[in-house]
Amino acid sequence: MRDARWARTLRRKRQAVGMVILLVATAIGCTNANVPLNPVNAPMPARTANQTRAALVHTGNGAPARAGVADDGWFVGLAISGGGSRSANFSAAVMFELQRLGLLDRVDAISSVSGGSLTAAYYCAADDAAWNPGNLQHLLTHSFAHDMWVDFWLPWNGVAMAVSDYDRTDLLAKTLAKNLYERDGRGGTYADLRADRPRLYVNATDLQSGRKFVFSNESFDEINSDLAKYPLAYAVAASASVPVLLHQVTLRDYSTVYKQYRHLVDGGVVDNLGVQTLLETYQANTDRAKATGAANPYAKGGVMVVVDADTQFSARLSERGDTTLLETLGIGAQMSTTKLIQRASTANLADVIVQFAPADATAGYLRDSLAQLRSTGYLRTKDRDGKPLTILHVALARAQQLKEAPFAAFAYSLDSIETYFDISEANAATLYQAARLIVKEQFEEKLVGVRGEVEGK
């Protein structure tokens with residue numbers, strides 16, 4: 001009798017646990033965060049298109065690309081590289097320098113990758129009062145990775161990840177939304193992007209094709225999904241989802257009745273600078289104007305400011321003897337990744353110069369242009385149509401050339417800041433110092449000149 005009662009009690013407990021697991025999985029376990037834009041059976045002529053502040057092609061008739069900015073005829077783009085919280089803080093510091101010099105308000109589009117997407121998305125949606133150094137220094141030194149791992153070990157999250165599609169990237173998106181993008185108690189979406197801020201292009205990589213995926217109206221039109229309702233935190237998490245360390249972000253393709261999905265990982269796999277998206281946007285508007293006879297909103301030329309948080313690899317081994325096998329494997333993997341990203345970034349800058357150079361450009365001209373950009377971070381050239389094109393490569397690695405370094409090991413201290421989503425206040429302060437000095441010593445005069453040209457002075 002007692003055994004029968006014990007068996008019934010155990011069975012009820014198992015049923016209760018099973019019900020809890022089912023409820024948790026149903027509540028938070030989902031494959032994708034995007035929703036349909038049009039019914040799949042709607043006739044093509046009757047379908048609506050996305051209209052958020054993330055359009056690769058500017059379709060206005062000569063109107064400015066952003067509210068509050070005069071139709072100056074120039075395309076001013078800002079590219080922000082990957083690099084975890086190091087990039088998030090360095091890019092914020094450089095953007096405040098650009099704002100001080102009067103150029104940030106002239107930017108038409110921001111293209112971001114990985115850690116740089118934290119800052120880019122925040123700027124494009126934040127209130128004026130919230131965009132200030134004190135607030136950003138507080139927000140971007142938050143321990144996002146620590147939050148993610150604390151949540152990872154919570155029992156209910158463990159259950160959800162065991163029985164559903166809930167994963168580590170969902171946890172990262174959760175802490176990003178809570179600490180950066182919440183608006184009035186809800187997670188910020190692409191509908192919250194401000195009309196008087198630049199167009200936002202967050203870059204990821206399609207895991208199946210290996211090609212770049214840009215969170216834009218055009219990309220979401222292709223999968224018949226409503227970008228206005230898509231959470232900013234998930235776009236940023238997709239851009240920062242380092243393969244193996246984090247899970248991919250999944251989008252449902254609603255253009256078909258069949259269950260089809262796009263799987264997205266870190267945008268740095270294809271282009272860690274984000275500069276290709278800017279130049280493609282600039283060229284697409286020129287091509288559209290030629291094809292349709294419409295006014296080209298960027299008929300005078302383009303300016304590209306590339307904020308690059310890449311550094312030289314530093315394993316910090318000078319005070320160590322032999323390392324363990326696991327340490328050696330980890331250091332080797334980090335060094336390989338760093339060197340591959342550096343090579344890819346250099347290749348992307350070279351590709352930019354080649355792809356968008358005038359048709360009559362010689363091989364010698366292209367080599368000299370790349371050498372100048374590498375050595376000085378500044379290049380004044382022409383695009384395919386002969387319009388002026390200026391590129392400024394504001395790289396953290398240029399701290400090695402500083403004359404006013406605040407202490408002898410300044411460059412080395414920068415190299416030791418890891419590409420992780422946790423950062424100390426001391427390291428963040430060093431990044432702000434570096435940004436201020438790099439801009440002041442190496443780029444301020446050029447940036448002031450660019451601003452004057454854009455403003456017609």
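**Exercise 1. Find how many residues the largest nonpolar core of this predicted model has, and which of them have the most contacts inside it.**

Solution. 
- Step 1: The largest nonpolar core holds 88 residues.
- Step 2: Those with the most contacts inside it are Leu78, Leu118, Leu176, Tyr181, Tyr190, Phe215 and Tyr230.
- Step 3: Helix α14 supplies the largest share of this core, 12 residues.
- Step 4: Another core lies apart from it, with 24 residues that include Ala79, Tyr298, Leu349 and Leu366.
- Step 5: For context, nonpolar side chains tend to be buried together in soluble globular proteins.

**Exercise 2. List what Tyr230 touches, not counting residues up to four places away in sequence.**

Solution. 
- Step 1: Tyr230 touches Tyr190 and Phe215, among others. Tyr190 and Phe215 are also listed with Tyr230 among the residues with the most contacts inside the largest core.
- Step 2: Further contacts of Tyr230 are Ala33, Asn34, Thr189, Phe220, Ala235, Val249 and Leu251.

**Exercise 3. Work out why strand β2 counts as largely enclosed, and which strands pair with it.**

Solution. 
- Step 1: Check both faces. Ala109, Ser111 and Val113 are buried on one side of β2, and Ile110 and Ser112 on the other.
- Step 2: Strand β1 (residues 74-80) pairs with β2 in the parallel sense over 4 bridges. Ile80 stands opposite Ser112 of β2.
- Step 3: Strand β5 (residues 199-206) also runs parallel to β2, joined by 5 bridges. Val113 has Asn203 of β5 as its bridge partner.
- Step 4: β1, helix α2 (residues 84-100) and β2 form a right-handed β-α-β unit.

**Exercise 4. Find where in the chain confidence is lowest and where it is highest.**

Solution. 
- Step 1: Take the chain overall. The mean pLDDT is 81, and 76% of residues reach 70 or more.
- Step 2: Confidence is lowest in helix α1 (residues 2-28), at a mean of 50, and highest in helix α3 (residues 115-125), at 96.
- Step 3: The pLDDT is below 50 over residues 16-29, a stretch with 13 contacts in the model beyond near neighbours in sequence.
- Step 4: Residues 329-341 also have a pLDDT below 50, with 10 contacts in the model beyond near neighbours in sequence.

How values were computed
Residues numbered from 1 in each chain as written. Predicted model: local features only at pLDDT ≥ 70, side-chain atom pairs only at ≥ 80, totals over all residues. Heavy atoms only, no water. Buried < 20%, exposed > 50% of the residue type's maximum accessible area, 1.4 Å probe, protein only. Helix = DSSP H or I, 4+ residues; strand = E, 2+ residues; numbered from the N terminus. Pairing = 2+ DSSP bridges. Right-handed = clockwise from strand over helix to strand, strands pointing away. Core = buried A, V, L, I, M, F, W, Y, C linked by side-chain atoms within 4.5 Å. Contact = heavy atoms within 4.5 Å. pLDDT = per-residue confidence, 0-100.
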